[in-house]
Amino acid sequence: MSIAVLRAFISKRKQEHEVMLSRRKRGGASEATKKDAEKSVQGEAPEKSNINDDEINKGHDGGESISLDEKSGVSEKSSKTTESTTQMGPKPPRVLEALSASGLRALRYALEVEEIGQVVALDNDKASVEACQRNIKFNGSVASSKIESHLADARVYMLTHPKEFDMVDLDPYGSPSIFLDSAVQSVSDGGMLMCTATDLAVLCGGNGDVCYSKYGSYPLKGKYCHEMALRILLACIESHANRYKRYIVPVLSVQMDFYVRVFVRIYTSAGEMKNTPLKLSYVYQCNGCDSFHLQPVGRTLEKNKSTRYLPACGPVVPQECSHCGKKFNIGGPIWSAPIHDQDWVTSILEDVKSMKDKYPAYDRICATLTSISEELPDVPLFLSLHGLCATLKCTPPSAVLFRSAVINAGYEISGTHVEPLGLKTNAPMDFIWDLMRFWVKTHPIKPQPPQHPGSVILSKEPSTDHEIDLARAASLSKAQAKKKAVRFLPNPEKYWGPKVKAGRQITMKHISILGEDTVTKHLNRENGGETRDAKHPRTQDTTTNPTSEDSTDE
C-alpha cells in the first residue's frame, strides 16, 4: 500500500509542477503585455532594445563594436537557459525511513519505485544498522547508490534536517506520538508523512487516560472505535503541525489487521491553519443506545467581507438522550473532516490495477481501496446495524433493506472499510430509530423491562415527518453492482492473528483458539519428541495422578 501511495505521490508532484510552470508562463506573459499597454497609453514606444543603431555600429574608445547578431545571440542563449531551467521537472523525491530496523522497507522503496531519488534509513540500534548495511550490499548497485543507513536517534535527525525530505515514513512499535513533533518539521512543503500506530488497545478506548496523555484525545468504546482511532491520530498530527504554522491534508487513512496507518500531506500557511478548529469535533456517545452526536470545536462568522474565527456554540445535545433517556459520554477531539482524498484513492486504485504483477498483495490492496472509494467522505464515524438491533433485542433486517429505506427517504448511505457491518449515513438518529420502530412492528420481539433503553425507544411513536419505504432501491455498492468485487477478504490462514503470549501455561482456552493439533505438536516439540495429548499435558497429569509414570519420570 505504501509503495502504491508513493508512486501516486511522485506522479502528483509532476502534475503540480507542470501546473506551476504554466501559471508562471501565463503570469510572465500577462505582465509583459501589461507593461507594453501602459507605455502605449503614455505615448511611448515599447522597449525593443537598450542600444540604438548608431551605438551598435560605433566603437567606443577603440573598443570592439557590438553587432545585432552578437546581441541576438546573447539574448537567445539567456532565453534558452531560462527555458531549460523552467522546463526541468521536480527533483527526485528523498524518502526518510525513520525506524528502519533491517532496512526491508527502504530496500523495497529503492528497488520497486523507479523514480525515487534517495532513501535514508535510520535506526538507534547498532546491530540493526549493520544488518541494514549488509542487506544494502546484498541487493546490488542500485540499492547501494540510493540508500544510506545511519546510526542515529530519529527524533534528533529529523529536527536537524528541517524540510529536507519529500516523504517521511514512521512505523514504530506502539505509539508514534514521541516522533510526531520532529517528523512534521522534517517534511518539505507539500511533502507526505506516512504514519502507523499499532497501539489500538489504547486508541480504541481500552486505556483512555493513556490515550489522552499520548494523543491529546479521549477515546470512546463504540462500534466505530477503529475509525475513531484513525481520527484521533489525524487530530494529533494536526496539533503538532499547527505549532509550526503548518497543517495537514489527509490523502488516505486505513485501518487494517491490528493497526492504523495514515498518509497526509503537510503544507505551511498561517492563514489556513486558522481553519483547524473547524476540522475537529467532540463526540457525545449515549450510554444506553448507539446514538452519537458531533460537537465542532470552532465556527466562522462572515461579516463585511471578513471572516472571524469563534468558538462553537453548544452543546448539541441535552443532558439526557432524547431517545432512551440515558446520559452521554464525551470523547475527542477527533478529526471530523474527510480522512480520504477520493481523487487520490481513484488514482491509486487505477495504478494498482494497471501494475497488477508488481503487487503480491494485489487482492488485499484492491479490496481495501475499493471499499474506501465507496465511503461517504463527509460523514464521520458510522452505525452498526447489529448494534442497533442489539439495543432493541430484535432480529436484524438485511443490509440491502436498510440501505433501501434510507435512500428512499432522500438520505445517503454507504459502507466502510473498517467494519463489514458498518454503515455511514447522513440521516439523523431520529429517522434511524423511526426506521427500526417500523421494522419491529412487522417483526415483534419479546417484552423487555420498561427501564431498558430498547423499551424506552420502542414506547415512543414514530414521527410523522418520516415516511418509511422499504422498497428495494439502488442500494448496492458500485463494486457489488458491477462485477461483484470483493471488499473484505477472509483471513490468510486458519487461526490467523495474535497468538498466545510466550511463557503462559496452556489451558483449554488456548486449545479452542489455536486448535488441538497445533497445541499437541507444540507440546511434542517441547518434550523432545515424546507423544503428548493437548487435552492432558504433563502439568495436568502430575496434578491429577501423582503415581503415574510421568510423575515418576519427573
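Reply: The largest pocket is lined by 32 residues, and S2, R105, D171, Y259 and R261 lie nearest its centre. The elements that give two or more residues to this lining are α1 (2-41), α4 (104-112), β6 (246-256), β7 (259-268) and α13 (362-373). Helix α4 supplies the largest share, 4 residues. By type, the lining divides into 17 nonpolar, 7 polar and 8 charged residues. Here Ala, Val, Leu, Ile, Met, Phe, Trp, Tyr, Cys and Pro count as nonpolar, Asp, Glu, Lys and Arg as charged, and the others, Gly among them, as polar. The volume of the largest pocket is about 1000 Å³.

Some terms. A pocket is an open set of points on a 1 Å grid over the protein atoms alone, where a 1.4 Å probe fits, with protein on both sides within 12 Å along at least five of seven lines; lining residues have an atom within 4 Å of a point. Volume is the space filled by probe spheres set on the points, which are joined across faces, edges and corners. Helices (H or I, at least four residues) and strands (E, at least two) are DSSP runs, numbered from the N terminus.

This is a predicted model: local features need pLDDT of at least 70, side-chain atom pairs count only at pLDDT 80 or more, and totals for chains, interfaces and linings use all residues. Residues are numbered from 1 along each chain as its sequence is written, and side-chain values use heavy atoms, leaving out hydrogens and water.

Now the whole protein. It has 22 helices and 15 strands. Of its 554 residues, 43% are buried, meaning under 20% relative accessible area with a 1.4 Å probe, protein chains only.

Technical notes. Buried < 20%, exposed > 50% of the residue type's maximum accessible area, 1.4 Å probe, protein only.
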